[in-house]
Amino acid sequence: YEAMGEIAKALAHPTRVRILELLSVDEACVCHLTHILDKRQAYVSQQLSVLREAGLVDMRREGQMIYYRLADARVAGVLSLLKDVALGVNPELRYDPVPRVPVAGCPCPKCSEADACCCTD
C-alpha cells in the first residue's frame, strides 16, 4: 500500500498529471514541456524529478538533450481512467489537447528538424 500511496502522491499535482499526459503521446525534452506548460525550466525539472522518483518516467540522453518518457505504458491508461472519472463527476470539464511537434518557441533538435521539414516544399 505504501508503493501505491507514493504513486498517488506523485499523481496528486495537476502539473505532474499534465506532464504525464504529454509524455503519453511521445517522449519530450524539458524545453518542450517548458513551452507547452508555460512554466519555468526549474519548475518543470522539479516536477519531472518527483515523477522519476515515483518510477513514473524514465529519461534518456541524446547528445546534450535529455528526453523523458513514461516508464510504463499503463500510466496512460491510469490517466485516461482518471480523466473519465473526473468528467463523470463534472461533465463541463475541458482539457487542453496535446500539441504536436514542432512546439512553438522550442529550440530543441526535434522541433528544429520538424520546423525545417514543414517549411520546405
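Predicted model: local features only at pLDDT ≥ 70, side-chain atom pairs only at ≥ 80, totals over all residues.
## Helix α2

Helix α2 covers residues 14-25, 12 residues in total, and spans 17 Å from its first C-alpha to its last, which is close to the 16 Å expected at 1.5 Å a residue.

## Salt bridges at E21

The structure holds 6 salt bridges, and one of them joins E21 to R18, with the closest N and O atoms 2.6 Å apart. Both residues belong to helix α2, where they are 3 residues apart, about one turn of the helix. E21 counts as buried because its relative accessibility is 15%, under the 20% cut-off, and R18 is likewise buried at 16%.

E21 also forms a salt bridge with K83, at 2.5 Å from N to O. Since E21 lies in helix α2 and K83 in helix α5 (residues 74-89), this pair ties together parts that are 62 residues apart in sequence. K83 is partly exposed, with 27% relative accessibility, and it lies over the face of Y95, at 4.9 Å from the ring centre.

## A second link across the chain

The side chains of E27 and R60 meet in another salt bridge, again at 2.5 Å from N to O. This pair links distant parts of the chain, 33 residues apart, with E27 in the loop between α2 and β1 (28-29) and R60 in strand β2 (residues 57-62). E27 is buried at 16% relative accessibility, whereas R60 is partly exposed at 26%. Through shared partners, salt bridges join R18, E21 and K83 into one network.

Methods:
Residues numbered from 1 in each chain as written. Heavy atoms only, no water. Helix = DSSP H or I, 4+ residues; strand = E, 2+ residues; numbered from the N terminus. Expected span 1.5 Å × (residues − 1). Lys NZ or Arg CZ within 6 Å of the ring centre and 35° of its normal. Salt bridge = Lys/Arg side-chain N within 4 Å of Asp/Glu carboxyl O. Buried < 20%, exposed > 50% of the residue type's maximum accessible area, 1.4 Å probe, protein only.
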